[in-house]
Amino acid sequence: RRLRANGADLSNIFAMDPADDRLRKLKYDSELLEEFIKKLSPALVVFDPLQGFLPEGKKIIARNDIRDSLSPLVGYGEKYGTTFLLVVHTNKQSGVWGRKRMADSADIWDISRSALVVGETADGLRYLSHEKSNYGRLQNSILYTIDENGAQFSAISHMKDRDFILAQQKDVRTRPEREEAKAFILSFLSGKE
């Protein structure tokens, strides 16, 4: 629906139906994945979430399992000219940013060639922060909102995930004092003090 609303050419989009039995067999090291890539020649393959496509018996918290599981993608990328986007949830720790926000395994960050982190600013906008790049310089963050039609661009920012996290923490710490000061000023201006 969101792709349609944003004018995507749906003839260029292939998605497996969640009811398709083959989806359970689609793993990073499966022949099925290579067959799809070979047949469809996609410019981009999205795995959402990453752990849903780990080979049987592989643990997301084990560094060697992650490296071993994801290494076929490097070969497919070189062989078929395909880029892979792996969606990973961030952990719930407070006061961490960048690499430390990557849930479950640090090796997900390490094997990635580029990493983007999505979060929310102190004033409710969402941000997409480019946190890692092995092949070029980091880009500015994108601020956006999401509505029924999908993502709507708001602005560009030089701030990174760390800056947004620290600003959010400061906002949480100082909010009670600001609200108290605001109440006092409004009361004073209304003459009730």
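**Contacts and overall build**

I began with contacts in this predicted model. Among contacts in the protein with a separation of 6 or more, 43% are between residues 24 or more positions apart.

Next I looked up the secondary structure. I find six helices and six strands in the protein. Going along the sequence, I read the pattern α-α-α-β-α-β-α-β-β-β-β-α. I then checked the radius of gyration, which is 21 Å, whereas the globule rule gives 16 Å for 193 residues. The value is well over the rule, so I note the protein as more spread out than a compact globule. For the extents, I have the C-alpha trace spanning about 75 × 40 × 35 Å along the principal axes. I also looked up burial: 31% of the 193 residues count as buried.

**Helix pair H3 and H4**

How do the axes of H3 and H4 cross? I took helix H3 as residues 31–40 and helix H4 as residues 63–80. Their axes come within 11 Å and cross at roughly 20 degrees. Angles under 35 degrees count as roughly parallel, so I record H3 as roughly parallel to H4. The crossing of H3 past H4 is right-handed.

Which residues make the contact? From H3 I list Leu33, Glu34, Ile37 and Lys38. From H4 I list Leu73, Tyr76, Lys79 and Tyr80. Sorting the H3 contact with H4 by class, I get five nonpolar residues, three charged residues and no polar ones.

Definitions and conventions
Residues are numbered from 1 along each chain as its sequence is written. This is a predicted model: local features need pLDDT of at least 70, side-chain atom pairs count only at pLDDT 80 or more; totals for chains, interfaces and linings use all residues. Side-chain values use heavy atoms; hydrogens and water are left out. Axes are lines fitted to C-alpha atoms, for helices over the stretch in contact, and angles run from 0 to 180 degrees between N-to-C directions. Helices (H or I, at least four residues) and strands (E, at least two) are DSSP runs, numbered from the N terminus. Angles under 35 degrees count as roughly parallel, over 145 as roughly antiparallel, 65 to 115 as roughly perpendicular and the rest as oblique. A crossing is left-handed if the near helix is turned anticlockwise from the far one by less than a right angle, and right-handed if clockwise. Contact means heavy atoms within 4.5 Å. Ala, Val, Leu, Ile, Met, Phe, Trp, Tyr, Cys and Pro count as nonpolar, Asp, Glu, Lys and Arg as charged, and the others, Gly among them, as polar. The radius of gyration is taken over C-alpha atoms; the globule rule is 2.2 Å times the number of residues to the power 0.38. Buried means under 20% relative accessible area, exposed over 50%, partly exposed in between (1.4 Å probe, protein chains only).
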